[in-house]
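This briefing is meant for a reader who is meeting the structure below for the first time. Please look over the sequence and the model before going through the points that follow.

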Amino acid sequence: MIFGEIGGYHRFVSRPYSPDVNDRISDHLADLVAALPDGRVLTDPDVVDSYARDRTFVAPGKALAVILARSRDDVVTTLRWASAQRVPVVPRGAGTGLAGGATSVDGCLVLSLAGMTRIRELSPDDEIAVVEPGVITADLDRAAREHGLMYAPDPSSHEISTIGGNLATNAGGLRCVKYGVTRDSALGLEVVLADGRVLDTGRRTMKGVTGYDLTGLFVGSEGTLGVITAATVRLHRVPGQVATVAAEFTSLRDAASAVSAIIAAGCRPSLLELMDRTTLEAIDSWKNIGLEPATRAMLIAQAEGPAQEIAALCSAASFVAEASTSEEAAELIGVRRLAYDAKERLGQCLVEDVCVPRSALPDMISAIEDAASRHGVTIATVAHAGDGNLHPVFIFERGLAEPPAEVWAAADEVFRTALDLGGTLTGEHGVGVLKRRWLGLEIGPVATEIHQGIKQVFDPLNILNPGKAI
């Protein structure tokens, strides 16, 4: 995909499709089919198309085939062939991405890693696990809990997203306020490079500074530097006492101010989530959660220990209560996890995830509300508020090929405000294709040159997820 520009706003268009080039490559595809185990290569156009999209509206290019990898060797064979034939490769996990990072490009191989689902090792003594990229995030957490451990990264999509996808975008989630994002749990990686060589990075130990931090470089690289085929990840002990608090506010800014107060007071919540009125209405119309007319925002907090101080700092709330049972706590967290599915019921979604310093959260919340009003668009916002990561979701008419101009204008305003407040374009969803138009505003020309140089070192032929992330 490349960018075109209409009336000051970008739209997505496919690169010209070349049957002659595709036919030439197809002649060599039989070699790849022969080199892989039976059933690994899918070429039926309808089946291939079903692997072409992620969870965004971005129109995919026309892929050549889908590779169903089941092992590292399948990935090695695929990338060796792709490198020899100069064929682009788009790595794909569960397809739950929200930035267009896994959408196919013309003439590519879609390399599906969803079938690599082994937990190769789980060591309670060392508090680590070695997992393949197709392992579902929640499945790893459940396996760890059998040993009194947990896998800390906890994206809202944890029941459907994969470890590989989480690594590709450096996903965060509900528990990241205390335990950090995926990079903080990644100790080492097994990566297949563009030419098929296998690179092992990092270690099994809790610390180590030998050489450059290649593990950190690959986490968040969105499949543009190599294909992760295994990861050694850190596990944590399951906490004992956990208190869950819900607070309702008649002002969204008051809720954001409570978050700033909680952090400034030195509280260490393990979860601090914020939902605005539009989000709550979407959930209520679907699940009938009993939303009060005056409620403009809800804050859900968890603390590993007593939560009285957190509750006290919600002094502007119209209602504050602590869950009395673990079942009540699970229901509250479950409401938060319904947020995105509820919004998708309202229309198509442009999902963003700006992150600002936590002290700037009230100003960012106000800016989002102002942008929605000024441009006449619907924005439903949730936030991993404890680390300043907001998800303003721009909802527009279903069936449109892309958001209308007023949505792009509001999104542009939100992004520029986040940067002005010292924030970033993306906290956890990645750049993909949707945020590339703003990338230069954040990283600048020197960093852009460095990024391109790194890409050249790892992928000199530019076959790995071209047109994404940088």
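This is a predicted model: local features need pLDDT of at least 70, side-chain atom pairs count only at pLDDT 80 or more; totals for chains, interfaces and linings use all residues.

Which residue follows helix 15, and is its phi positive or negative? Helix 15 is followed by Gly422, and the phi of Gly422 is positive, near 85°.

**The chain as a whole**

- The protein chain contains 16 helices and 20 strands.
- Its radius of gyration is 22 Å, close to the 23 Å given by the globule rule for 470 residues, so the chain is as compact as a globular protein of that length.
- The C-alpha trace spans about 70 × 60 × 45 Å along the principal axes of the chain, and 54% of the 470 residues count as buried.

- An open sheet is formed by 7 strands in the order 17-14-16-15-19-20-18, and their pairing is antiparallel.
- Its edge strands are strand 17 (319-322) and strand 18 (348-351), each of which pairs on one side only.
- Neighbouring strands of this sheet are turned against each other by 15° on average, with direction ignored.
- Strand 14 (residues 243-249) and strand 17 run antiparallel and are joined by 4 bridges; Phe319 in strand 17 is the bridge partner of Glu248.
- Helix 12 (residues 326-337) lies across strand 14, strand 15 (271-276), strand 16 (297-303), strand 19 (378-384) and strand 20 (389-396), and it runs at about 130° to strand 16.

- Another open sheet has 4 strands in the order 3-4-6-5, with mixed pairing.
- Strand 3 (41-42) and strand 5 (89-92) are the edge strands of this sheet, and each pairs on one side only.
- Strand 4 (residues 65-68) and strand 6 (residues 109-112) pair in the parallel sense over 4 bridges, and Ser112 in strand 6 is the bridge partner of Leu68.
- Helix 3 (residues 72-85) packs on the sheet, where it touches strand 4, strand 5 and strand 6, and its direction makes about 165° with that of strand 6.

**Helix 15**

- Helix 15 (residues 405-420) has 16 residues and reaches 22 Å from its first C-alpha to its last, close to the 22 Å expected at 1.5 Å a residue.
- Several residues of helix 15 are buried, including Val407, Trp408, Val414, Phe415 and Leu419.

- Thr381 has its place in strand 19, and because its relative accessible area is 5%, under the 20% cut-off, Thr381 counts as buried.
- Leaving aside neighbours within four places in sequence, the residues in contact with Thr381 include Leu274, Met275, Asp276, Lys343 and His391; the C-alpha atoms of Thr381 and Leu274 are separated by 8.2 Å, although the two residues are 107 residues apart along the chain.
- Arg175 lies in the loop between helix 5 (163-169) and helix 6 (176-179), and because its relative accessibility is 13%, Arg175 also counts as buried.
- With neighbours within four places in sequence again left aside, Arg175 is in contact with residues including Asp141, Arg145, Tyr151, Asp154 and Ser270.

How values were computed
Residues are numbered from 1 along each chain as its sequence is written. Side-chain values use heavy atoms; hydrogens and water are left out. Helices (H or I, at least four residues) and strands (E, at least two) are DSSP runs, numbered from the N terminus. The expected span of a helix is 1.5 Å times one less than its number of residues. Buried means under 20% relative accessible area, exposed over 50%, partly exposed in between (1.4 Å probe, protein chains only). Two strands pair if DSSP finds at least two bridges between them. Axes are lines fitted to C-alpha atoms, for helices over the stretch in contact, and angles run from 0 to 180 degrees between N-to-C directions. Contact means heavy atoms within 4.5 Å. The radius of gyration is taken over C-alpha atoms; the globule rule is 2.2 Å times the number of residues to the power 0.38.
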